[in-house]
Amino acid sequence: MTLSPAPPWQIWIDTGGTFTDCLARDPAGALRRAKVLSSACLRGTVRERRGERRLVVGGLGALPAGGLPGWTLRALGGEAAVPALGWDGTELTLGAAAPRGLVAGAPCELASPEEAPVLACRLVTGTAADAPLPPLRLRLATTLGTNALLERRGAPTALFLTRGFGDLLAIGTQQRPELFALAVVKPPPLHALVVEVVERTANDGTILVELELEGARQAAAAARAQGITAAAVALLHSFRHPRTELRLADALRQLGFEHVSASAELAPVQGYLTRAETTLVNAYLAPILEGYLRRIAAASPVVLVMTSAGGLVAAERFRPYEGLLSGPAAGVVGAAEAARRSGLQRAVTFDMGGTSTDVARWDGALPWVFEHHVGEARLLAPAVAVETVAAGGGSICSFDGRRLRVGPESGGARPGPACYGAGGPLCVTDVNLLLGRLEPARFEIPLDAAASERACAALEATLVAAGEALPREELLAGLLQIANERMAEAIREISVRQGYDPAAYALLAFGGAGGQHACAVAELLGIDTVAVPADAGLLSALGLGVARIERVASRQVLQPLAAAAPLLAGWLGELAAAASAEVAAQGAAAGEVVVERRLLELRYAGQESTVEVPWADGDDVAAAFAARYRELFGYVPAARPVEVVTLRVAAAAQP
């Protein structure tokens, strides 16, 4: 009798700015959990020194015994690190003398050379650091690309634009980032250099100026000589007539550019500026994200990555620009599943983590947008409509000389809040700890209440020096109120300002800190139902577990509805076939693929903004558009023809 092999582990991991959350289903079907710092470090406390190179350490019970190749140990808050050679479940063996600060009672940090998701896989599967992981299938969401974009840590990139448009991104929309600022400081561009390509295609496809390929090659060779390996190509009108742009992109690949992004392949829609920005962001981040996913794939041959739209895509097909909100999207997917299980019809999702808080409005389906901002960049990609505010457990509490502030700066994973013991500033987590709202014994890492006390005393001294002294309890309560108001304001953005009453929704709170603030935020908004689901601190990981492979196909039409109406069914059928084929190409059986959404973007002639309307065969599209327009704006313009702008179809694999 031949025994069938055991099923692989199913592991779902969301890497945030501070913590990496992991849920796993083992081959027997049991659920395992892990939460590690996104810096891929474990923290413990020295219990005893046994010679120069042996330490008994507490708090590392989840780490399997075995060798520790490439691992290092240091005193928390210290700089000097020594090699860690092995762990037997109680005692660490070091490759050099332990730093003097590592005495009994001292906190320490054990750093893995692997990425945080791989470390989490080892913890939940019980695999030693010097042993191969068991067969597993990994689903992943990450903020790596988002952080690299916000911190401008992408690859040097050459941007190829049509001649005459070299300053397109520098000019931008000419909108002032701060309306009343007297001195506007423009951020530096993402690209390292711009190449103006001699070519011109008219909007009807007529070639007005032939592509001077040799000149473009010379400029590209000069960029390569400067060490630039990423290129973004966005030529005028290529969204409709891509031949010239694709020809140039192929030439750049032949010249040795490792990453070439073409706007006609990524975002074939009207809007030269946003199309160019999207293409540049993709090329800028591709080397970082592709390298990261390669390192993850070394641990798991099957990796699915969450997109900003809340669907999964195979790692080899993942493109950076479509996944910059993957973590928040995973949280909304998990919250939607929790709401369904709880019998809620509508909910405001409230995901408060270490660095930020993400909120969204759920009415039975994921809310989508098709153009969104990350930092200063505008991106043309489907995304869950999430509002983010820089208020989380790691948000820094400070006094700027005039007022108390909470965020937007964050302590992050390192050094983190003061209570993490790494020399961090006073943060919201410290405030909760000092007010007795945190149970240190149940926290994932050791907490140092004395460090929180010192950080709070430093803030109090600053207030005293400014003549603004406050009793400690009043100060701490005020800081919490500021944080709660900032998070409530984010919820107003996705409810009140869009015509929805938040009081008609339940507040579904999750994330590592969501439960601590949910009731206060609900009270500010008039919400009388608060739900805190199981595994609230790991709900984004749960979202990955219930998510499906999903793809969206789109077509820009730009025709009057009267002319396009007879063709809509055929066009949408073609898009449905294209989206379904993409899902099937990632392993879904043909019978498992379903078409879930058919959407039309419409507008009145002469307008720029569009209104989204779902489509079903036989619907009166004009009437549905007018009704939705009236819901949003309170009136319908008289005698204005309707224009079809874009068609979109989403297909997904059934669970």
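Trainee: How many bridges join strand E1 to E2?

Mentor: In this predicted model, strand E1 covers residues 9-15 and strand E2 covers residues 19-25. A hairpin joins E1 to E2 through 3 residues, and within the pairing tryptophan 12 stands opposite leucine 23 in E2. The two strands run antiparallel, and the number of bridges that join them is 6.

Trainee: Which residue in E3 is the bridge partner of arginine 25?

Mentor: Strand E2 is also joined to strand E3 (residues 31-37), and these two strands run antiparallel with 7 bridges between them. Among the paired residues is arginine 25, whose bridge partner in E3 is leucine 31.

Trainee: Which residue in the turn between E2 and E3 has a positive phi?

Mentor: E2 and E3 form a hairpin, with 5 residues lying between the two strands. In that turn a positive phi of about 95° is found, and the residue that has it is glycine 29.

Trainee: How many of the residues of strand E2 are buried?

Mentor: Strand E2 is bridged to E1 and to E3, and its own residues are mostly covered. Of the 7 residues in the strand, the number that are buried is 6.

Trainee: Is arginine 648 buried or exposed?

Mentor: Arginine 648 has its place in strand E34, which spans residues 642-653. Its relative accessible area is 12%, and the cut-off for this class is under 20%. Because its relative accessible area is 12%, arginine 648 is buried.

Trainee: With which side chain does the side chain of arginine 648 make a polar contact?

Mentor: Leaving aside neighbours within four places in sequence, arginine 648 is in contact with several residues, including Phe370, Val552, Leu572, Arg597 and Glu601. The polar contact of its side chain has a distance of 2.7 Å, and the partner is the side chain of glutamate 601.

Trainee: What is the radius of gyration of the protein, and why does it agree with a compact globule?

Mentor: The protein comes to 16 helices and 34 strands, and its C-alpha atoms fill a box of roughly 80 × 70 × 55 Å along the principal axes. Because a compact globule with 655 residues would have a radius of gyration near 26 Å, the value for the protein agrees with it, and that value is 27 Å.

Trainee: What percentage of the contacts with a separation of 6 or more is between residues 24 or more positions apart?

Mentor: Of the 655 residues in the protein, 52% are buried. Turning to contacts with a separation of 6 or more, the part that residues 24 or more positions apart account for is 68%.

Definitions and conventions: Residues are numbered from 1 along each chain as its sequence is written. Side-chain values use heavy atoms; hydrogens and water are left out. Helices (H or I, at least four residues) and strands (E, at least two) are DSSP runs, numbered from the N terminus. Buried means under 20% relative accessible area, exposed over 50%, partly exposed in between (1.4 Å probe, protein chains only). A polar contact is a pair of N or O atoms within 3.5 Å; within protein, one must be able to donate a hydrogen and the other to accept it, and residues adjacent in sequence count only if both atoms are side-chain atoms. Contact means heavy atoms within 4.5 Å. Two strands pair if DSSP finds at least two bridges between them. The radius of gyration is taken over C-alpha atoms; the globule rule is 2.2 Å times the number of residues to the power 0.38.
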